[in-house]
Amino acid sequence: MAGEKKRNQQPYPRDAGCTERVIAAREFARFCVTSVYNWVHSSHYPPLQCGGSFDLPHAVCLALTRSLKMEAYPDIKTTPRGFRCTLCDVNLPNAPTVDAHVKGRKHQHLFRLRATRKAQEQNSVFVSGIKPDTSQMQLKEYFQQFGPVADVIMDKDKGSYAIVEFEEQVGTQATLDQLQHDMDGLKLKVKPREKKDFNVVIKKKQESKNTQVNLEVLSRELCQAASVNEQMLRVVESFQLNENERNSRELLVKLLQEVFTEFLPDCEILPFGSTINTFGVHSCDMDLFLDLEKTKIFQSRSKSSTEQAGDCQSEDGRSEDSILSDIDLTTASAVEVLDLVATVLRKCVPGVQKVQTLPTARLPVIKFHHRDLNLHGDISINNRLALRNTRFLQLCSGLDARLRPLVYTIRFWAKQKQLAGNPFGGGPLLNNYALTLLVIFFLQTRDPPVLPSVDQLKDMACEEEECVIEGWDCTFPSQPIAVPPSKNTEDLCTLLAAFFSYYSQFDFLASVVSVREARQLPQYPQTQTTQDNGAPRSSVGPKRKMTVLDPFELSHNVAGNVNERSLKSFQRECGDAEKYCRSLQYQRKSTKGKSWGLVRLFAPRCPTVPGAGGGGQGEAKEERRLEIRLPFRPEALPGSVCSQLSTLSEGFREQWFAMVRVVVKKVLQEVLGCRPAREEDFEDQMNTSISSDTVTMDTANPVEEQGSHAQAEDLPTSSCLSSDTPASSDCTLQMGQKRPLSSTGPDSSSGSPQGKRQRLSSAGEGPGSACWCLVQRHRVWAGRRRVRRDMLKSGTTEASLSEEGGVAMEVRVTELITAKEPDPLDLLAFRVGAEVVGGGDNMEALLRFTPLYDSSGLFQDFFHFLESFIPKTTEVLLGLQEEK
């Protein structure tokens, strides 16, 4: 009993920050513990240390802990699995997590917010009986007599009631004490604000109806179609805007027109983009243009009439709203006007929320969301060219019925392959407008063309249809009947396959897609920005990977955001799709109910459907491409050479590549000591079976080495691999190695297989490409830095070489390395293909290396060395070029 009394007298632990309510709850819990202890002291329950004071059963301790939490935190409720916070709507597993949660940021924020809302309810009154034209200022001035008014909230949907919030509860009580309220002849009904429970609404991402077409349902419908043409028509039916969606968008335009006309008289809300250009899809954003030209005229007339009459009446009897009196639309900046429009959207348009101004965008816009219609929209004030682009797409859609199925099909294909549809507004993927222009350009280049060029449409327009916006000629016929029909009779199936074939081989780096002229335009260096007639050239900004010109604003590249990786992915997917379109799975309906046609083409970019053209992600890992790119750098060329190239227009590309081709050949042969060879000497070796364990060969007597590798130009161009093979009568190669053919001298005609035409190292050279077959017998890439360092530390001969130039030193380094290997064992044979790609500032010389023979697996090391050596040495040699 003495121990029991001592335990009972032990104080319950208290926290310094506890409130009086918490302290009282804990005292009550202490009383409960004392009472329960006598009941369970001699029971058979296993004891458990509880709070350091009593040995109680686990069930009793858990019950007491839960009781404590509920008393201390009213928002915490017990559940069979722990606790639950009713304020934050979250489950908590144990008592420690309850303490951490209650002290957390979310709970504290909602706790303060609930207290604020309750205070607002106590200080507010509900007022009815007002008219829709009653203003907030009128209500505030009337209720100011009862006490300071903090805010007046109007019902902007109906305008039939308001909530007046006072700063203190005294004002609320004084208002309710007065039985009748008369404001300017209106009998107001005032009652206490309704008390509502504070409920937290968890915001969940709500996808709008029909935002995405179910791929499984679409696949079943497409498999039931009779042909690919019918499949493409069904794609249009599945994705296009239905009648209800079009009506909802028209309703929103009318609503915005009515509201904005009240504040900005004579303004016009004009939709553009996918909503009306016949290419809209479910839940697409609604693009709107707010035309304020007539409003500016109205404002100027109102000011002049006000000055003459001395009042606020305009000459047409309408009063200028106060919102216009605070801003001059003629001199105001775009940001100021956008802020004004955003204010009207927030406060005056029913159902509009999430209004956000983006003043730093290329074309400043206001983004908003309409709650009831579940529509996202953009409003711009200086995008008149977009209206004309929309009319152009409408005209193209009316000229040929094949355009819409092609656009819808290619857009969905690009989305499935992750080539288009930047989800967050920006990114390196293609946008839908650029894809649509690519389809139009492709149809313009068919033979015969499906669609005419913009320049041809301009000639078909009449005088009344002439249109110039911001200096750009936007003239074209307003009706499709003015344009002769196309003579092209290709069906949709054929055109889709031809689209993939066309763009899989399109040289985007060297060409510009011009819908206006319906032809590829060459890219020019950045310095050549205008043509002879003063019109802008096709170059749009530096280092563009894909250039698709806007039909009217010729300085705007609609695909300027596409990077090199996205371009390669686009062309790779086009190539895969082209291969699939040649198969019977694309052209013929499956008799066994399997996927065919567009179903396989629409397969997502993953290894799920073979032959669908997915590629990319389905492969284990792409083999490393053995390519070296040498970009065009005018600053690395001598002034005389650069001036010579700048005087050329169409031929500068070939002239520069000719210089690079000579220099690269010099680096490989003279600097690194590679010797020319015949590719035929290695074709049979590459085809030799590797299934045998060993391959035994007899070599002919080797030809004597031709001195220094620095004299590569003195070697015969037909010298083959075996001419440099070490003397050996019986040599055994390991499994997987290839047997070189024996050499019979440079004049022998039997150096290649019978019946095959010999290809010399110089064969295949042209103005835009070149190909060489070379042999390297020494490890010239190994230890070059050490040899170079030893040269600099040695006598004056080597030092004089360094003064002559880095290239001469590299030649000497190669000579010293080869001198250490009089009888080399390692042998490399490879082919180098050179071609020029791109144009203008994007021009590059592309070197592709293909190993033909690698006896010891050293080619990867050799290529890794070339990746840094060739660009550096080539740039030095190009800087030493002289004008020819």
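Visitor: Where is Ala518 found?

Guide: Ala518 sits in the loop between strand E18 (511–514) and strand E19 (519–522). Strands (E, at least two residues) and helices (H or I, at least four) are DSSP runs, numbered from the N terminus. This is a predicted model, in which local features need pLDDT of at least 70 and side-chain atom pairs count only at pLDDT 80 or more, while totals for chains, interfaces and linings use all residues. Residues are numbered from 1 along each chain as its sequence is written, and side-chain values use heavy atoms, leaving out hydrogens and water.

Visitor: How do I read phi here, and what is the phi of Ala518?

Guide: Most residues other than glycine have a negative phi, and most peptide bonds are trans. Ala518 has a positive phi, near 60 degrees. Asp184, also not a glycine, has a positive phi of about 55 degrees and lies in the loop between E9 and E10.

Visitor: Is Ala518 buried or exposed, and what about Asp184?

Guide: Buried means under 20% relative accessible area, exposed over 50%, and partly exposed in between (1.4 Å probe, protein chains only). Ala518, at 18%, is buried, whereas Asp184 counts as exposed at 67%.

Visitor: Which peptide bond is cis?

Guide: The one from Asp447 to Pro448, with omega near -5 degrees. Pro448 lies in the loop between helix H16 (432–444) and helix H17 (454–460).

Visitor: Which residues of helix H6 are buried?

Guide: In H6 (residues 136–143) they are Leu139, Tyr142 and Phe143. These residues cover an arc of only 85 degrees around the axis (taken from the directions from the helix axis to the C-beta atoms), so they lie on the same side of H6. Their cover includes strand E6 (124–128), strand E8 (161–166), helix H7 (169–177) and strand E10 (186–192).

Visitor: How does E6 pair with E8 and with E10?

Guide: Two strands pair if DSSP finds at least two bridges between them. E6 runs antiparallel to E8, with five bridges, and antiparallel to E10, with four. Ser128 has Tyr161 of E8 as its bridge partner, and Val127 has Val190 of E10. Four of the five residues of E6 are buried.

Visitor: How many residues does the largest nonpolar core have?

Guide: In soluble globular proteins, nonpolar side chains tend to be buried together. A nonpolar core is a set of buried Ala, Val, Leu, Ile, Met, Phe, Trp, Tyr and Cys residues joined through side-chain atoms within 4.5 Å. The largest here has 79 residues, and Phe570 is one of those with the most contacts inside it. Apart from that core lies another, of 43 residues, including Phe830 and Phe869.

Definitions and conventions:
Contact = heavy atoms within 4.5 Å.
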